[in-house]
Amino acid sequence: MTTDDTPDIALKNTIRQAALARRDALAPSWRADISARLAGVDGPAIALDPGAVVAGFHPIRSELDVRPLLARLADHGARICLPAIVDAHTILFRRWIPGAALVEMALGTVGPGDSAEALDPDVILMPLSAFDRHGGRIGYGGGFYDRAIAALRTRGLSPRLIGVAFDCQQADRVPTEPHDIALDEILTESGLRRLPY
Ligand SMILES: Nc1nc2c(c(=O)[nH]1)N(C=O)[C@@H](CNc1ccc(C(=O)N[C@@H](CCC(=O)O)C(=O)O)cc1)CN2
Ligand SMILES: Nc1ncnc2c1ncn2[C@@H]1O[C@H](COP(=O)(O)OP(=O)(O)OP(=O)(O)O)[C@@H](O)[C@H]1O
């Protein structure tokens, strides 16, 4: 890291805290309504190729709960996986049948245990703290997703990256560091948008 990066890291922290505070202020019942709506009365919010491998996430804190969407996508033939923290820097994606039991992992998360098959996702639904209209994204600061996607790319894979958030998590501009990987799309209560827009 150079001295030039430091203001970006400080700014990221400020944007992260502000966006998370806005998310925390949303009413839980409203968040649940959005979660159900994304699963869709007429079909899921995302169209996928049959048999696509989709990485979702099990919600923590006040994140948008994509589990109803994942269940609906599975009904349409998608194979679902969730992140599993395997060491202090690394997540892997492991197969999950929606509704199946999960095991406790680091950082207060749960995920599929090590008997679950590791899968390479075609589509990654990415949890985030803040995003911008250029595709910039800030997570919780662990760098887990950036490293996981970099590792997939090293192997020649380029999954479709869809950020999942509430509209209130949008920031004017998120600073990007060299390791940051831009989102292709963003899914919020306003629907699915391509980035940049
Ligand atoms: N739902 C979800 N799962 C995810 C992520 C995520 O952002 N959301 N991750 C995205 O990278 C990875 C985990 N990264 C995390 C980074 C920080 C904290 C965290 O701040 N945890 C709490 C509690 C810690 C504890 O109980 O030990 C905290 O520190 O206050 C949690 C997960 C993989 N799984
Ligand atoms: N591809 C990578 N290789 C090595 N280190 C990385 C990589 N990507 C990110 N990091 C490191 O992870 C740390 C956190 O990065 P950053 O603040 O961008 O995380 P984040 O995007 O908020 O978290 P997450 O990706 O878990 O949601 C940084 O210090 C960075 O150096």
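Leaving aside neighbours within four places in sequence, E63 is in contact (heavy atoms within 4.5 Å) with R23, R31, F57, H58, P127, Y140 and F166. This is a predicted model, in which local features need pLDDT of at least 70, side-chain atom pairs count only at pLDDT 80 or more, and totals for chains, interfaces and linings use all residues. Residues are numbered from 1 along each chain as its sequence is written, chains are lettered from A and ligands numbered from 1 in the order in which they are written, and side-chain values use heavy atoms, with hydrogens and water left out.

E63 sits in the loop between β1 (53–55) and α3 (67–75); helices (H or I, at least four residues) and strands (E, at least two) are DSSP runs, numbered from the N terminus. E63 counts as buried because its relative accessibility is 7%, the limit for buried being under 20% relative accessible area with a 1.4 Å probe and protein chains only. A polar atom of the E63 side chain lies 2.9 Å from the backbone nitrogen of I60. UniProt, in an unreviewed entry, places the feature "binding site" at E63; such annotations may be inferred rather than shown by experiment.

E63 also belongs to the lining of the largest cavity, together with R23, F57, L64, P127, L128, V164, A165 and Q169. On a 1 Å grid over the protein atoms alone, a cavity is a set of points where a 1.4 Å probe fits but cannot get out, while a pocket is an open set with protein on both sides within 12 Å along at least five of seven lines; lining residues have an atom within 4 Å of a point. A search of the whole structure finds one cavity of 30 Å³ or more, and about 30 Å³ of space lies in the largest cavity, a volume being the space filled by probe spheres set on the points.

The largest pocket holds about 780 Å³ of space. Its lining has 32 residues, with Y140, G141, G142, G143 and F144 nearest the centre. Two or more lining residues come from each of α1 (5–24), β2 (79–87), β8 (137–138) and α4 (144–154), and α4 gives the largest share, five residues.

The second largest pocket holds about 200 Å³ of space. Of its 14 lining residues, I91, L92, F93, A148 and L152 are the closest to the centre. β3 (90–95) and α4 each supply at least two residues of this lining, and α4 gives the most, with five residues.

Conventions. Buried < 20%, exposed > 50% of the residue type's maximum accessible area, 1.4 Å probe, protein only. Polar contact = N/O pair within 3.5 Å; in protein donor to acceptor, adjacent residues only side chain to side chain.
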